[in-house]
Amino acid sequence: MTKRIHFIIHRMSMMIFLFIFCCNFAYCNRTQSWHEFVSQLRSEAIADGIRPEVFDAAFRNVEAPSRSVLRLDKTQPEKRLSFMHYRKTRIDRYRILLGRQEFRRHKATLNNISNQFGVNACFIISIWGLETSYGRYKGSFPVIQSLATLAYDPRRSDFFRNELIIALHMLNDGKVSLNEFKGEWAGASGHCQFMPSTWAKYAIDYDGKGRADIWNNLNDSFASIANYLLKNGWQRDQPWAIQVTIPSHFDEDLIGIDRTKTVGEWLRLGVQPVNSVTPNSHLRASVIYPEGGPAYLVFDNFKTLLKWNRSNYYAAALGYLAEEICQKNL
């Protein structure tokens with residue numbers, strides 16, 4: 001019996017090894033070589049209106065998939081942090097103080113953009129702060145190299161191929177130069193870390209200089225952030241969230257972004273604001289409880305933040321940073 005068990009375990013181990021090996025080897029065993037991929041992409045791009053010289057310049061130094069991009073894409077952290085641990089790693093005292101300094105420096109522009117788009121200036125500056133540390137780190141990966149690598153990888157090829165074609169159009173139309181077209185490893189770039197398709201849909205030429213320059217122009221970048229939030233549902237003068245306590249007997253099935261009730265209904269169920277600020281009792285809201293707490297009552301503007309980044313952790317940390325920068329409840 002013992003030998004039989006060892007045989008079964010050995011066989012299962014071999015099957016698991018072969019499965020993992022085949023999955024990892026699939027990338028190397030593509031039916032299409034890198035050269036064939038680039039050649040086909042070139043024909044597609046030219047047929048779509050990209051000038052041959054623009055494509056050739058963009059790929060002049062792109063000789064193979066980027067090992068660094070593939071490594072980062074395949075080794076995303078899986079460890080589940082508590083929300084407070086996550087928040088502390090993203091937002092320290094220095095980032096808050098730097099945010100207050102930058103807010104004072106750009107206050108007039110931020111307020112003008114806030115009034116025009118109806119988006120709270122504190123959230124514009126906090127997104128800038130979380131995405132690029134207020135412009136201090138916008139990323140150093142060449143966008144074309146990153147997108148080409150991820151388009152060649154079969155896992156999300158269609159998505160990144162589309163982003164790559166849009167990026168080539170941006171170069172073709174003179175919206176960005178190849179030298180400044182750098183960002184994070186997955187292809188997002190600029191002060192607000194837009195993917196090419198996001199730039200095409202939401203970027204704003206606020207100064208009227210002929211291009212929406214999110215790489216060098218802060219006015220364009222702030223307006224682009226505001227435009228993104230506005231077009232994704234931001235409500236002027238509405239709250240994003242408030243921290244609350246929930247009773248010990250609270251029904252856990254009521255927790256979740258898709259469970260909505262009015263503020264008044266939540267109060268009657270025992271949900272209580274931590275501070276004295278209680279929003280309009282007719283506003284609809286949801287209760288969320290990020291891993292480890294605290295609990296929040298979140299409103300439609302929180303859901304808009306989730307369209308920027310689909311993580312409750314990110315959205316809640318963003319709101320916290322906005323309130324700390326502006327030193328008030330929002």
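1. Among contacts in the protein between residues at least 6 apart in sequence, 71% join residues at least 24 apart. The model is a predicted one, and in it the protein has 15 helices and seven strands. Of the 330 residues in the protein, 47% are buried.

2. The largest nonpolar core has 87 residues, and the members that touch the most others are Phe59, Ile144, Leu168, Phe181, Leu229 and Trp308. Helix H15 gives this core its largest share, 10 residues. For Trp308, once neighbours within four places in sequence are left aside, the contacts are Ile127, Glu131, Cys192, Phe194, Ile225, Tyr228, Leu229 and Tyr314. There is also a second, separate core of 11 residues, whose members include Trp266, Val271, Val287 and Leu297.

3. Val287, from that second core, belongs to strand S6, which spans residues 284–288. Its relative accessible area is 0%, so Val287 is buried. Beyond residues up to four places away in sequence, Val287 touches Ile246, Leu254, Ile255, Gly256, Arg259, Trp266, Val271, Tyr296 and Leu297. Between Val287 and Thr245 the C-alpha to C-alpha distance is 10.0 Å, with 42 residues separating the two in sequence.

4. Two bridges join S4 and S6 in the antiparallel sense, and Thr262 has Arg284 in S6 as its bridge partner.

5. The count of aromatic pairs comes to 21. In one of them, Phe37 and Tyr152, the ring centres are 5.2 Å apart and the planes stand at 55°, so the pair is tilted. Because Phe37 lies in helix H2 (residues 34–47) and Tyr152 in helix H9 (residues 143–152), the pair ties together parts that are 115 residues apart in sequence. Both partners count as buried, Phe37 at 1% relative accessibility and Tyr152 at 8%.

6. A further aromatic pair, Phe83 with Tyr313, is edge-to-face, at 5.6 Å centre to centre and with 70° between the planes. Here Phe83 lies in helix H5 (residues 83–90) and Tyr313 in helix H15 (residues 312–326), so parts that are 230 residues apart in sequence are tied together by the pair. Phe83 is buried, with a relative accessible area of 0%, and Tyr313 counts as buried at 8% relative accessibility. These two residues belong to one aromatic cluster that also contains Tyr86, Phe123, Trp234, Trp240, Tyr296 and Phe302. As a separate ring feature, Arg87 lies over the face of Tyr320, at 3.6 Å from the ring centre.

7. Which residues of helix H7 (residues 107–117) are buried? They are Leu110, Ile113, Ser114 and Phe117, and because they cover an arc of only 105° around the axis, they are on the same side of H7. An α-helix has 3.6 residues a turn, so residues three or four places apart point the same way. On the other side of H7, Ala108, Asn115 and Gln116 are exposed. The cover over the buried residues of H7 includes helix H6 (93–105), helix H8 (121–132) and helix H12 (218–231). Just after H7 comes Gly118, which takes a positive phi of about 75°.

8. Some backbone values deserve a look in the model. Most residues other than glycine have a negative phi, and most peptide bonds are trans. The peptide bond from Gly293 to Pro294 is cis, with omega near 5°, and Pro294 is placed in the loop between S6 and strand S7 (295–298). Gln193, although not a glycine, has a positive phi of about 55°; Gln193 sits in the loop between strand S2 (182–183) and helix H11 (196–202). Gln327 likewise is not a glycine and has a positive phi of about 55°, and Gln327 is found in the segment after H15.

Notes. Residues are numbered from 1 along each chain as its sequence is written. This is a predicted model: local features need pLDDT of at least 70, side-chain atom pairs count only at pLDDT 80 or more; totals for chains, interfaces and linings use all residues. Side-chain values use heavy atoms; hydrogens and water are left out. Helices (H or I, at least four residues) and strands (E, at least two) are DSSP runs, numbered from the N terminus. Buried means under 20% relative accessible area, exposed over 50%, partly exposed in between (1.4 Å probe, protein chains only). Contact means heavy atoms within 4.5 Å. Rings of Phe, Tyr and Trp (its six-membered ring) pair if their centres lie within 6.5 Å; planes under 30 degrees apart count as stacked, over 60 as edge-to-face and the rest as tilted. A charge sits over a ring if NZ of Lys or CZ of Arg is within 6 Å of the ring centre and within 35 degrees of the ring normal. A nonpolar core is a set of buried Ala, Val, Leu, Ile, Met, Phe, Trp, Tyr and Cys residues joined through side-chain atoms within 4.5 Å. Two strands pair if DSSP finds at least two bridges between them. The arc is that of the directions from the helix axis to the C-beta atoms.
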